[in-house]
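Subject: Structure handover and notes

Dear colleague,

Please find the structure below, followed by my notes on what was found in it. I would be glad if you read the two side by side.

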Amino acid sequence: MAKIHKSPWLIHYDGSSCNGCDIEVLACTTPVYDVERFGIINTGNPMHADIFLITGGINSQNESVVKQIYEQMPQPKVVIAVGTCACTGGIFKECYNIKGGADTVIPVDIYVPGCAARPESIIDGVVKGIGLFKEKAAALSAEKKAL
Amino acid sequence: MTISERIIFALLYIVLAPFIIGLLDGFDRKISARMQGRRGPSVLQPFFDLKKLFEKEFLTANKMQLFLIRSYLCFIVLSGIIFFGGFDLLLVIFSLSTAAMFLILASTATHSPFASQGTSRELVQIMACEPMELLVAVGFYLATSTFTVSDIVSKSTVANIRYLPGFFVGFVFILTIKFRKSPFDISTSHHAHQEVIKGVTSEMVGKEYAMVTIAEWYENAILLGIVGLFFVSNNILTVLGGIIAILAIWFLEILIDNTSARVKWQLMLKLAWGVTIVAAGMNLFLLEIIRG
Ligand code: SF4
């Protein structure tokens, strides 16, 4: 894992999560888990972000926000749904205001299940995301050359 | 200084500055992480970041922004050439403030509320730093009777820090603002923590952000060069002292960054001007008395 010298910058958006998953996401940046050793930065700016971490399900209020964040991110980009809620709607799935997981509005690349998702599995998901990011970047530059 | 020497120094600056400062930035992140009990990224991380930024898709709301950022970069490099080529120190300061204007224009070009917020804070920062920067040039003039960098070095028989301790203290104080370190990282910072999205760089995507980063490295090289100038005299050995001083100040800034919480801009302005007036003002007064 130490060989992954890339610089994936994250943007974390809290959908309608119970905050359980958010705390775990933030725990990743603490000294115990230290995601910065992979070059990961938690940015608040979609325009600088490469990886979009969503926690919590989608409801009619945050739908447009999630879409907008996704659209503001420049290619290549990777979307990771963190926690059962973001994957499927989870425990809130049957609620009248919940549409379902993050994939109901934007394409999700990686699903990290768990209620709450553990920091280890979040980091695993992000590392998988970095791999995918590399592939997408390669495809994008190939596309650019072909033009 | 002969003209060929000037050209060599200027070329060395253009080629080496981004690598040296980029590496220092990498060490900064490593040392900061260690201070916080983390392992931290590789020291080459700033270069990986740059490479990635250049590969990102370019989205922009206003094409003008790219032009303005290119101008910003050009003016910073120009200031560096003036400084390391050994020309007028005053010109360096003026050309740096012109560059800052391009950054401000670039950030307002998109009319984003986040970028505007960052811009107004950036302007406050400029207001806080500018008097001290100008005073440093004045201080060197009072000590050596010249504004020309090459003459400042060749004419001084002892390091100018002897005559300019107050100016040095004031300059180091505003360096914290210039390097965008806590507690003064009001408009944007390079670490995980940030103020209202990303300040002036909120709307800068991919290669634009990369260029701003490179420009900042070039600018930091000039500022650290000025720190060195306080310690260098016509004795070649003092260059070593200059380098040690630069590294010490760099470490001090990292220490300040990791041990201090953030302040509001009002306090920043008061503190920066307070230190400028007290430290540099006293020094100026004493120098005038000595000169009679
Ligand atoms: S998956 Fe569990 S912990 Fe995470 S947001 Fe949903 S309910 Fe909360």
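**The interface between the chains**

Between chain A and chain B an area of about 2400 Å² is buried, and carbon and sulfur atoms give 51% of it; buried area here is the accessible area, taken with a 1.4 Å probe, that two parts lose on being put together, summed over both. Please bear in mind that this is a predicted model, in which local features need pLDDT of at least 70 and side-chain atom pairs count only at pLDDT 80 or more, while totals for chains, interfaces and linings use all residues. Residues are numbered from 1 along each chain as its sequence is written, chains are lettered from A and ligands numbered from 1 in the order in which they are written, and side-chain values use heavy atoms, with hydrogens and water left out.

Chain A brings 29 residues to the contact and chain B brings 29 residues as well, where contact means heavy atoms within 4.5 Å. The rule for salt bridges (a side-chain nitrogen of Lys or Arg within 4 Å of a carboxyl oxygen of Asp or Glu) finds 5 of them across this interface. On the side of chain A that touches chain B, the elements giving two or more residues are β2 (41-43), α2 (63-72) and α4 (119-146), with helices (H or I, at least four residues) and strands (E, at least two) taken as DSSP runs numbered from the N terminus. That side of chain A divides into 10 nonpolar, 12 polar and 7 charged residues, given that Ala, Val, Leu, Ile, Met, Phe, Trp, Tyr, Cys and Pro count as nonpolar, Asp, Glu, Lys and Arg as charged, and the others, Gly among them, as polar.

**Salt bridges at B:R38**

Over all chains the count comes to 14 salt bridges. B:R38 pairs in this way with A:E36, their closest N and O atoms lying 2.8 Å apart, and B:R38 also forms a salt bridge with A:D34, for which the corresponding distance is 2.9 Å. A:D34 lies in the loop between α1 and β2 of chain A, and B:R38 in the loop between α1 (3-35) and α2 of chain B, so the pair joins two chains.

**The ligand shell**

The residues surrounding the ligand are A:S17, A:C18, A:G20, A:C21, A:G83, A:T84, A:C85, A:I91, A:G114, A:C115 and A:A116. Helices α1 (20-27) and α3 (84-88) of chain A each supply at least two residues of this shell, which by class holds 6 nonpolar, 5 polar and no charged residues.

**Backbone features worth checking**

One of the shell residues, A:C115, is joined to A:A116 by a cis peptide bond with omega about -10 degrees, and A:A116 is found in the loop between β7 (110-112) and α4 of chain A. The peptide bond from A:Q75 to A:P76 is also cis, with omega near -15 degrees, and A:P76 sits in the loop between α2 and β5 (78-82) of chain A. A:N19, although not a glycine, has a positive phi of about 80 degrees; this residue lies in the loop between β1 (9-14) and α1 of chain A.

Technical notes. A residue is near a molecule or strand if one of its heavy atoms lies within 4 Å of it.
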